[in-house]
Amino acid sequence: MRESYYTKIAQEIDVKPHQIRAVDALLTDGSTVPFIARYRKEQTGSLDEVAITTIRDRLKELEAIDARRETIINSMREQEVLTEELQESLESAVTLADLEDIYLPYRPKRKTRGSVAREKGLTELADIIFSQADEIDPLKEAEAFIDTDKGVKDTGDALAGARDIIAEQIAEDADIRAAMRTLFEKEARISTEVYTGAEEEAATYRDYFHWEEPAASAPSHRILAMFRGNKEALLRLSIRPDEDRALALLENRLCRKENACTGHVRLAYVDSYKRLLGPSMENEIKAVLKSRADLEAIRVFATNLRELLMASPMGRARVLAIDPGFRTGCKVVCLDSQGKLLHHDVIYPTFSAAKVEEAGKIMLELTSRFAIEAIAIGNGTASRETEAFVRGLGMKVPVIIVNESGASVYSASQVARQEFPDHDVTVRGAVSIGRRLMDPLAELVKIDPKSIGVGQYQHDVDQAKLKGMLDDVVMSCVNAVGVEVNTASRELLTYVSGLGPVLAGNIVAHRNEHGPFTSRKDLKKVPRLGAKAFELSAGFLRVRDGSHPLDASAVHPERYDLVEKMARNLGCTVSDLMKDESLRLRIDLKRYESESVGMPTLKDIMTELAKPGRDPRQAFEAFSFAEGINSMEDLTEGMELPGIVTNVTNFGAFVDIGVHQDGLVHISQLADRFVKNPADVVKVNQKVTVRVVEVDIKRGRISLSMREAGSKSIRR
C-alpha cells in the first residue's frame, strides 16, 4: 500500500520514489523535519524542509483517504450491499469526494421524501418511469400503485412519490455528481448581497453589499471576508453556476428521448437540482473554497512569521528599553547583555517641564550607571514623542524603535509571570521590548504566533492547520539559527528538534541545579533525555566555550570522529582546522566518503569548520523614522518617508511610517510592474521608502505607494 503512496507523491512533486520512502522511514522512526533536512541528506537525496514537510503532510492525507475507504467498505459489507463492482470502484477512487459519491446511496440516512416513497412501495414505478420506454403510459402504470393504507391516495400521489425517488437517485449518482462538481468548479460564481436592514451593522463589508465574481479565481482574502460576513448573518452568500447550464447538463445526461415518461424525469431532475444536488454541490464548493482560502491565508501568515522570527538581532548588548505611554508615563528597564533585568523605573517625558527635566536626568543617570549600549523604544502609543525626547538628550547611544506587537500578550502570560513573579505587566512588557532588540527569535517564541500581528484572517481559518504550519515555521527558524543551551529559555528550547516542553524544562532544571553544560555530552545526564532525543537535538544545541571545539558548531556529535580523523591526517588539532583555512584546503573530501557519509554532509562540515555556529540571519542595521512626522496630521499627499513593512497580505503590504497607524501599499502600488504576489516584492521587517497617496484621518486610513511618482496605474 505505502509503495503506491511513494509513487504517487514522487510524481506530484517531481522526486524519486526512493526519496519518499526514505523520508517516510525517518519520520516513522521519530525524526523531525529539521533533523532530516540537515543531517540525513544522503538518505533523502538532499531534500529540503519544504519538500519533506510536503511529503509528510501528503502521506497523512493518503492515509486518511485509505482509512475512510476501509470504513466505507466495512459499512457496505455489513449492509450486504458490497458487490465486486462496487469494491473495485472504491479501491480505484483517488479522492475523498470520489469515495463519498460511491458510498452516498448506501450511507445510513435520516428519513427523506425518497425513502418515504420507497416505504410506500413506489420504487418499481420510479424504475418504470426512469426507463423512458415509448410504450409506457405513466398515468396508467401509476394506477397499480394506489394504496390508501400506505398513503398513496391516487395516481398523483404515486407519480409524485416516484419522482421523489428519481430525484434522490439523480442526486446520488456518482457520475452525475462528478460532472456537476466539475461544472461548479469551473463556472460557479460567488455572489453576496447585504441583508435588508443590516447595511449599517455591515459597514465593514460595504464592498460586498452587491458583489459577484468567478469562484475559481476569487482571491483568498475576499473569500474569507465574504464567508465571515455570511457567518455573522450580515451577507447573503451564493456559489452557483448559471442554473440553465446546470439543468442542461442534467437534460443531456438523463433525457434520452421525448415521450410520456420524459416529462416526469424532467420534473424530477429540476427538483433534484434545486432541492438536493445543487445545495449539496454548493456546500462542497464552499468547503473547497474555504479550504483553499485557509491554506493561502495560512501560507501568507507562515511566510510573514518566518520573516519576523528571522529578523536581524542586535546580539548581546546592554539595553535600556522603554514601553512608552502618555497618561501612565513610560516604563523604563535596564537589561544586561544576557537580557537579565537589572533595574526598572518610570519617567514622564510628555508631562510638565519639571517632569521632562526629571526624566532626562533619570535617563542620563541610568545610561551611565549600567553602561547602556542601545535604547529600545516600543512602537505603540507615544513612541514618536518618547523617541524625540530621548534623541534630544544628545546621548551617544543608538535609539531604535522596536515593534511591540504581542508584548502585552506576553506580559500577561503564564510564561511572563514565571519569569518575573515580583513585577507587574508594565515591567514585563518593557523587558520584552528590550529583548526583542537583542534577539527577536528568542523572545517571540514565548508568544502565540497568532498574537504577533502578521496574519490575515487568522481567526477565520482552520485552527488546527494554522497551528500545525506555524509550529513548523517556528521549529524551522529555531533550528536554523541554533540555540545556546546555557542561556536559552524553556520556551526556546521547546522548539529544538527532538525536545518539546518536558525535556526543555528538564534541561533548564538541570542547568539551574548543576550549573552550565560544559559539553554536548553532558546533555545525556538530563533526566529522560535518551539516545533518540540526543540524536535529534544535539546538532542544533550550542555549547559556547565547550570542552570540544565542535560543540559550538552545527557539526553533529555523530561526525566528531570524522572531523578528528581529518585533523589527524593533517597532523593538527580540530581547533587548528577551524582556525586555519590553508589546512582545510588540503582536505580531499572524497577520501572521507562512505556509505553513511556523502558529499552533501562533508560539504556541510567544511562550511561549519570555516564559520562554526554561523547565524543565518542578516546583520543588524538600525532604522529611524522621519523626524517631525509623528501623527497622521503631519502627513501630506506626495510626502516620501522611510518605513518598515509590518504585514504582507494577498492585497498588499502594511507599512509603519511612525504615526501610530500603519499605511497600506495596495498590490497595484507595490512596483512599476504587474505584481501577482506581494511577497515577491516585499517582506515583513523590510525597510522601504513610500510615498503618501491619501490620508483619511476620519477613518484612520493611510494609502501609500512604492511606485515612481507620476507612473501610470497598472491595470489588474
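Strand β4 (residues 319-323) pairs with β5 in the antiparallel sense over five bridges. Two strands count as paired if DSSP finds at least two bridges between them. Helices (H or I, at least four residues) and strands (E, at least two) are DSSP runs, numbered from the N terminus. The model is predicted: local features need pLDDT of at least 70, side-chain atom pairs count only at pLDDT 80 or more, and totals for chains, interfaces and linings use all residues. Residues are numbered from 1 along each chain as its sequence is written, and side-chain values use heavy atoms, with hydrogens and water left out.

Cys330 stands opposite Ile347 in β6. Cys334 has His343 of β6 as its bridge partner. Five residues lie between the strands of the β5 and β6 hairpin, where Gly339 takes a positive phi near 90°.

Strand β5 is mostly covered, with six of its six residues buried. Buried means under 20% relative accessible area, exposed over 50%, and partly exposed in between (1.4 Å probe, protein chains only). Both faces of β5 are covered. One side carries Cys330, Val332 and Cys334; the other carries Lys331, Val333 and Leu335.

Helix α13 (residues 220-231) has 12 residues. From its first C-alpha to its last, α13 reaches 16 Å, close to the 16 Å expected at 1.5 Å a residue. The expected span is 1.5 Å times one less than the number of residues. The buried residues of α13 are Ser220, His221, Ile223, Leu224, Ala225, Met226, Phe227 and Gly229. These buried residues pack against β1 (189-194), β2 (210-214), β3 (235-240) and α15 (262-309). Contact here means heavy atoms within 4.5 Å. Ala233 follows α13 and has a positive phi, near 60°.

A cavity is a set of points where a 1.4 Å probe fits but cannot get out, and lining residues have an atom within 4 Å of a point. Grid points are joined across faces, edges and corners, and a volume is the space filled by probe spheres set on the points. By this rule there are two cavities of 30 Å³ or more.

The largest cavity has a volume of about 90 Å³. Its lining is formed by Arg38, Tyr39, Ala554, Val555, His556, Glu558, Arg559, Thr601, Asp604, Ile605 and Glu608. Helices α3 (33-39) and α29 (599-610) each supply at least two residues of this lining. The most comes from α29, with four residues. By class, the lining of the largest cavity divides into four nonpolar, two polar and five charged residues. Ala, Val, Leu, Ile, Met, Phe, Trp, Tyr, Cys and Pro count as nonpolar, Asp, Glu, Lys and Arg as charged, and the others, Gly among them, as polar.

The second largest cavity has a volume of about 40 Å³. Arg299, Val300, Thr303, Asn304, Val648, Thr649, Asn650, Asn677, Pro678 and Ala679 line this cavity. The elements that give two or more residues to its lining are α15 and β11 (640-649). Here α15 gives the most, with four residues. The lining of the second largest cavity has four nonpolar, five polar and one charged residues.

Backbone angles complete the description. Most residues other than glycine have a negative phi. Asp14 is not a glycine, yet has a positive phi of about 60°. Asp14 is found in the loop between α1 (2-13) and α2 (17-28). Asp14 is exposed, with a relative accessible area of 70%. Asp545 likewise has a positive phi, near 55°, in a residue other than glycine. The place of Asp545 is the loop between β10 (541-542) and α26 (560-570). Asp545 is exposed, with a relative accessible area of 76%.

Key: On a 1 Å grid over the protein atoms alone, a cavity is a set of points where a 1.4 Å probe fits but cannot get out, and a pocket is an open set with protein on both sides within 12 Å along at least five of seven lines; lining residues have an atom within 4 Å of a point.
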